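Biologist: I have a structure to go through with you. Can we start with the strands and then move on to the helices?
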Amino acid sequence: MAYKLLIINPGSTSTKIGVYEDEKEVFEKTLRHSAEEIGKYESIYAQKDFRKGIILEALKENNFDIETLSAVVGRGGMLKPIPGGTYEVNETLLEDLKLAKYGQHASNLGAILANEIAKEVGVRAFIVDPVVVDELEDVARFSGVPELPRKSIFHALNQKAVAKRYAKEQGKAYEDVNLVVVHMGGGVSVGAHKAGRIIDVNNALDGEGPFSPERAGSTPAGDLIKLCFSGKYTQAELYKKIVGNGGYVAYLDTNDARVVEDAVKVGDEKSTAIYDAFAYQVCKAIGEYAVVLDGKVDAIILTGGIAYSKDIVRDVTKKAGWIAPIVVYPGEDELLALAQGTIRVLDNEEKAKEYK
């Protein structure tokens with residue numbers, strides 16, 4: 001049986017939608033929202049009807065009948081820490097997102113919009129592997145400061161999707177492989193996948209791991225504290241230095257890794273130094289998470305937008321390829337990953353989880 005799925009991935013100034021028939025994309029569209037349109041609403045939740053109307057209009061323009069849908073799936077938002085998997089949308093999940101109980105983010109609308117449209121046609125609504133997926137071993141939670149436990153916030157959707165893709169291509173179950181997965185995009189997350197769980201991963205949002213095009217990654221704690229109390233920055237300004245204006249942006253005034261590589265190729269010394277440091281830090285993190293897996297690593301997977309770079313793949317392979325074979329799945333096909341997670345439940349390969 002072919003499943004027809006509507007995928008909804010809300011961003012701060014856009015809503016990306018896709019219609020899939022099983023794993024085949026029927027059409028995909030990014031619906032842009034101006035600052036004026038979004039600025040009319042006092043909260044993210046208040047944008048619900050506005051975004052829903054635009055989605056339904058886009059479907060109509062593409063001659064798609066929502067009555068033919070088998071399910072609707074939204075990008076998971078800021079929820080409490082939960083194990084990975086596909087979750088059926090329920091009232092508890094909706095209430096936490098509506099109240100922004102665990103944080104405001106446009107992705108909170110994913111499940112809410114999916115549920116609204118699914119109810120209209122009498123089908124089920126789901127989310128898949130939100131950024132708050134938490135499968136850390138207890139030993140990985142200690143930071144050295146009791147008030148600051150390590151958190152699991154990362155590119156869970158893409159990391160899980162490529163790990164399962166690799167296992168399937170090897171004729172194995174995800175639960176039967178050990179992997180180090182490196183997502184390289186605006187942020188970088190490196191995860192240790194063991195027996196179907198991501199048992200350790202850096203907090204890619206705001207505090208750990210390699211620097212990236214937009215994030216500072218791990219920074220010298222003592223010096224950071226001094227900077228906090230220097231009087232030079234507000235809390236918001238300092239956080240922006242860490243998330244948004246860190247990494248490539250701070251050193252080279254660009255968040256485009258392609259621009260940096262082009263500069264390296266023409267011999268720019270500063271760009272070369274930062275590029276080398278980025279590759280070095282990624283490789284260092286791979287070694288760290290290989291140790292978490294006791295050195296028993298079936299493959300190192302490189303994914304995310306920067307994995308399109310042949311130069312990065314070459315340099316990471318040169319330095320870390322001795323640990324395990326390097327496998328490259330470039331890009332970040334979130335819509336497909338959301339579709340695949342839903343299909344696994346509809347096909348009874350996995351059971352939908354309950355958010356409590």
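This is a predicted model: local features need pLDDT of at least 70, side-chain atom pairs count only at pLDDT 80 or more; totals for chains, interfaces and linings use all residues.

Biologist: What is the order of the strands in the open sheet of seven?

Modeller: The order is β3-β2-β1-β4-β6-β5-β12, and the pairing is mixed. β3 (24-32) and β12 (353-354) are the edge strands, each with a single partner, so one side of each has no neighbour in the sheet.

Biologist: And how do β1 and β2 pair up, parallel or antiparallel?

Modeller: Antiparallel, with seven bridges between β1 (residues 4-10) and β2. Leu5 is opposite Tyr20 of β2. The two strands form a hairpin, with three residues between them.

Biologist: How many residues of β2 are buried?

Modeller: Six of the eight, so going by the cut-off of under 20% relative accessible area, strand β2 (residues 14-21) is mostly covered.

Biologist: What about β2 and β3, how many bridges there?

Modeller: Eight, again in the antiparallel sense. Glu21 has Lys24 of β3 as its bridge partner. β2 and β3 also form a hairpin, with two residues between the strands, and Asp22 in that hairpin takes a positive phi near 55 degrees.

Biologist: Next, the sheet of five strands. What order does it have?

Modeller: β9-β8-β7-β10-β11, an open sheet with mixed pairing. Its edges are β9 (197-201) and β11 (326-330); each has a single partner strand, so one side of each is left without a neighbour in the sheet. From one strand to the next, the twist averages 25 degrees.

Biologist: Which strand is joined to β9, and by how many bridges?

Modeller: Strand β8, residues 188-194, by four bridges, and the two run antiparallel. Gly191 stands opposite Val201 in β9.

Biologist: On to helices. Which strands does α11 lie across?

Modeller: Helix α11 (residues 310-320) lies across β7 (178-184), β10 (299-304) and β11, and runs at about 155 degrees to β10.

Biologist: And at what angle do α9 and α10 pack?

Modeller: About 120 degrees, with the axes of α9 (residues 257-265) and α10 (residues 269-292) 8 Å apart. That angle makes α9 oblique to α10, because 65 to 115 degrees would count as roughly perpendicular and over 145 as roughly antiparallel. The crossing of α9 and α10 is left-handed.

Biologist: Which residues make the contact?

Modeller: From α9, Val260, Glu261, Ala263 and Val264; from α10, Ser271, Thr272 and Tyr275. The residues of this contact of α9 with α10 comprise four nonpolar, two polar and one charged.

Notes
Residues are numbered from 1 along each chain as its sequence is written. Side-chain values use heavy atoms; hydrogens and water are left out. Two strands pair if DSSP finds at least two bridges between them. Axes are lines fitted to C-alpha atoms, for helices over the stretch in contact, and angles run from 0 to 180 degrees between N-to-C directions. Angles under 35 degrees count as roughly parallel, over 145 as roughly antiparallel, 65 to 115 as roughly perpendicular and the rest as oblique. A crossing is left-handed if the near helix is turned anticlockwise from the far one by less than a right angle, and right-handed if clockwise. Contact means heavy atoms within 4.5 Å. Ala, Val, Leu, Ile, Met, Phe, Trp, Tyr, Cys and Pro count as nonpolar, Asp, Glu, Lys and Arg as charged, and the others, Gly among them, as polar. Buried means under 20% relative accessible area, exposed over 50%, partly exposed in between (1.4 Å probe, protein chains only).
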